[in-house]
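Welcome, and please open the model in your viewer.

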Amino acid sequence: MPDHGIWQGRHHVANRRNGTASQADGLGDTLSVAAPHPRTALPNVAAIVTTVAALYFGREVFLPIAIALLLTFALAPLVSALKKVGIPRIAAVIASVLGAFAALGLFSFIVATQVSELAQNIPVYQTNILTKIRSLKETGVGGGILARLSKVVERVGQEIDRQDATLPATTPEKPPREPVPVEIVARERPLQVLQNIVGPLISPLGSAGLIIVVVIFMLLEREDLRDRFIRLVGYGDLHRTTEALQDAAKRVGRYLLMQLVVNIVYAIPIAIGLWALGIPNALLWGLLALALRFVPYIGPIIGMLLPLFLALAVAPGWSLVLWTAALFVVMELITGNVIEPWLYGSRTGLSPLAIIVAAIFWTWLWGPLGLILSTPLTVCLVVLGRHVPQFEFLDVLFGNEPVLEPHARLYQRLLAGDPEEATDHAEEMLEEKYLVEFYDKVAIPALLLGEHDRMRGVMGDLQRRQVAASALMLVANLDDSAQEEAGEEESPVAAEASDDGDPGGEDETELPDGTDMSVLCAGGRGELDDAAAAMLAQVLEVQGATVSKAGFADMEPASIRRLELETVDTVVVGFLNRDSVKHARFLVRRLKRAKAALRVGIVFWSEAAAEDKETAGKLARDMNADFVAYGMVDAVLGALSNEPPVALKLVAKRRMRRQRAASKKVTTAAAG
């Protein structure tokens, strides 16, 4: 078993790993069947269209505000750190903002300088490109394609010449006249020249200045803006709104800061490696790799293609291209698999598909800047959906947390008749959980959902049999996992809630060894009960017991007599329907009449599985059963108990005889 705080030994099965709940599987969080998760409210189409239209047509206003907001999130930790050192608030804000924009300005200046130098040297690289094309033609690699393309061009040219030759002569032939060269000299005033140079720079410089001012005021008035936002959208629930703001600031600020650190760690070796390989303008490619890696998925690819093209143009051979590609691939593997998980793990809380869709949407909405801002903006939307019920659909659409509880997900697969995928999910959980806990916290609650649907009348007989067959197939597919668990040297320990009902207080209960014990597991009233009985039987086999199984049809009065009970020590009958007490009492009496020394236990399957043990004992005495259980753990404990069987009460027999005699008298009197 993997060691992530999981139980030590086969005798320890906890509802949660040493009290630490996994956020990914959520096995310890089960919902009541009677109180399903509320349905997520979706916004109407008019609201979505209006919002998107406002963002699109008002992008000149919203885009600078969005950039300023994200920069505020990124610079807020730096401002707080400077304030802790003793620097006044205004000075800390101005220093942080000016430092950030000075770094951006230096970055832009270096990139512009390198691009200008590269543009001057491009004609020099044409010879190497032509040499490579000739070598491809000479070696035959791609020659077919090049030859076909050249032939197509030639044919098109010949066809054009042929059409020109067939045109009728409308005018007599005259000697062609030589064209007269004409040169247009534009005389511009110095003011117009200055305007042509400065004009294109006014818009970006104005936007940059506006962003700087907005960022400064957002940092200075951060607390006041927070209070105003709370007053507008969350005054009725201060706790939830405060949590949402803190979560958004933490996620976005941490993402931007850690992404910057990761990109720097990625870009420095790239620049050094390209310089060592002899690629011109290595500093430019390193800076572009740093910037483009903010663009999800496609950014690193774009950053790699440009140096590859230059490597193709610089050297006449192919070795430089291969070394350049290897440099980028190795750095991407190291960064993605070592540096990123080490620094900030899953960082955004977004699913991979959501990142791609968000990149497409924000690029269409706001262009290249929208592509760069797509991930942090979507993070803000997911945080909003996580804490504000009206926007929960955003978290469902874009978040990376499971949207279905494990037992609901399993039930959905059983409904779809897909036990293979259900087995895959079960095996993933069994890497960290033991079989008894998986059945107790996931599989049995899934069957309870099916029983609930049957009682509501939304599940027909055919569908019920399909769910039961899929569940039995799931149990059969988990035989290998059960055998591996049975072969371990140590056994699970069951963790049950304390008697006072406090889910936080868990008491470990050792599961007994079932060697030399024989148990018969049977379903009570339907196919779904048979599936639950098969799960219990597999857990008992893991504990070393000899287990046999019987269906609900075998529990009919005429069939109980045919059961082979000579070698059976205990019979356990399970019911998913809690209203089966009378039927269970009848089965207990029938089974004990068939074999007096037989222990008979009844399991009323429940998600809570933490019923009052005193109530269970009282119900067992009333039914004349040896034990009554509500969950997998108690069922295993009762089935493998060494306590002597409870004798069938003679008082119950006499009462039945008196009732029969009285009914006969009434019948006789009525007939007379």
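In which helix is I356 found? Select I356 and you will land in helix α12. Keep in mind throughout that this is a predicted model. I356 has a relative accessible area of 39%, so it counts as partly exposed.

Now widen the selection to Y297, I298, I302, L306, L353, I356, V357 and I360. Together these residues form a nonpolar patch on the surface, with about 730 Å² of accessible area. The biggest share comes from α12, which gives 4 residues.

Next, visit two asparagines with a backbone feature worth a look. Most residues other than glycine have a negative phi. Select N281, where phi is positive, near 55°. You will find N281 in the loop between α8 (238–277) and α9 (282–292). Is N281 buried or exposed? Its relative accessibility is 9%, under the 20% cut-off, so N281 counts as buried.

Then jump to N624, which also is not a glycine and has a positive phi of about 70°. N624 sits in the loop between α23 (613–623) and β7 (627–629). With a relative accessibility of 8%, N624 counts as buried.

For the last stop, show helix α20 (residues 527–542) and helix α24 (residues 632–639). How do they cross? Their axes come within 10 Å, at an angle of roughly 60°, which means that α20 is oblique to α24.

Terms used
Residues numbered from 1 in each chain as written. Predicted model: local features only at pLDDT ≥ 70, side-chain atom pairs only at ≥ 80, totals over all residues. Heavy atoms only, no water. Patch = residues over 30% accessible without salt bridge, like charges linked within 9 Å, V, L, I, M, F, W, Y side chains within 5 Å. Areas by Shrake-Rupley, 256 points an atom, 1.4 Å probe, with all protein chains shown as cover. Salt bridge = Lys/Arg side-chain N within 4 Å of Asp/Glu carboxyl O. Buried < 20%, exposed > 50% of the residue type's maximum accessible area, 1.4 Å probe, protein only. Axes fitted to C-alpha atoms, helices over the stretch in contact; angles between N-to-C directions. Parallel < 35°, antiparallel > 145°, perpendicular 65-115°, else oblique.
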